[in-house]
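Trainee: Could you take one part of this model and go through it closely? I would like to start from a single side-chain interaction and see what surrounds it.

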Amino acid sequence: MEEFEARLIIWETKDIEMMDYEGTSDAFIRSYFNADQDQKTDTHFRCQDGKPDFEYRLVYNIQYPRKNYKFTLQAYDRDFFTANELI
């Protein structure tokens, strides 16, 4: 097996649902190939237009060949007093 570096760049998003009572969202992106390589972007607090810009790079070390890679990409609303909400 050979080891490679996979890079994911998240520049911008659109149509992020407003999850907070005030009509805003504290958005961040979580992604992983395997649960042990979980990575997150920074949080864009008080997003009001559903278009948080991240310009964020996530780097993963993966091995090839491997047949069971499953990539997961999720958007969340960060909450401080309750669990983060999946958007």
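Mentor: Start with the side chains of Arg 30 and Asp 38, which make a polar contact at 3.0 Å. A polar contact is a pair of N or O atoms within 3.5 Å; within protein, one must be able to donate a hydrogen and the other to accept it, and residues adjacent in sequence count only if both atoms are side-chain atoms. Before going on, note that this is a predicted model: local features need pLDDT of at least 70 and side-chain atom pairs count only at pLDDT 80 or more, while totals for chains, interfaces and linings use all residues. Residues are numbered from 1 along each chain as its sequence is written, and side-chain values use heavy atoms, with hydrogens and water left out.

Arg 30 sits in strand E2; strands are DSSP runs of at least two residues, numbered from the N terminus. With a relative accessible area of 18%, Arg 30 counts as buried, because buried means under 20%, exposed over 50% and partly exposed in between (1.4 Å probe, protein chains only). Apart from neighbours within four places in sequence, Arg 30 is in contact with Asp 38, Gln 39, Lys 40, Thr 72, Leu 73, Gln 74 and Tyr 76, where contact means heavy atoms within 4.5 Å.

Next, the aromatic residues. The whole structure holds 5 aromatic pairs. Rings of Phe, Tyr and Trp (its six-membered ring) pair if their centres lie within 6.5 Å; planes under 30 degrees apart count as stacked, over 60 as edge-to-face and the rest as tilted. Phe 33 and Tyr 60 are edge-to-face, because their ring centres are 5.3 Å apart and their planes meet at 85°. Phe 33 belongs to the loop between strand E2 (25-32) and strand E3 (39-40), and Tyr 60 to strand E5 (residues 53-64), so this pair ties together parts 27 residues apart in sequence. Both Phe 33 and Tyr 60 are buried. Phe 45 and Phe 80 are stacked, because their centres are 6.1 Å apart and their planes are at 15°. That pair links distant parts of the chain: Phe 45 is in strand E4 (residues 44-47) and Phe 80 in the loop between strand E6 (72-77) and strand E7 (85-86), 35 residues apart. Phe 45 is partly exposed at 48% relative accessible area, and Phe 80, at 60%, is exposed. Phe 33 and Tyr 60 also form one aromatic cluster with Phe 71.

Phe 33 and Tyr 60 return in the largest nonpolar core, which has 11 residues, among them Ala 6, Ile 29, Leu 58 and Ile 62. Such a core is a set of buried Ala, Val, Leu, Ile, Met, Phe, Trp, Tyr and Cys residues joined through side-chain atoms within 4.5 Å. Strand E1 (2-12), E2 and E5 each supply at least two of its residues, and E5 gives the most, with 4. Not counting residues up to four places away in sequence, Ala 6 touches Phe 33, Leu 58, Val 59, Tyr 60 and Ile 62.

For the setting, the protein chain has 0 helices and 7 strands. Of its 87 residues, 37% count as buried. Among contacts between residues at least 6 apart in sequence, 64% join residues at least 24 apart.
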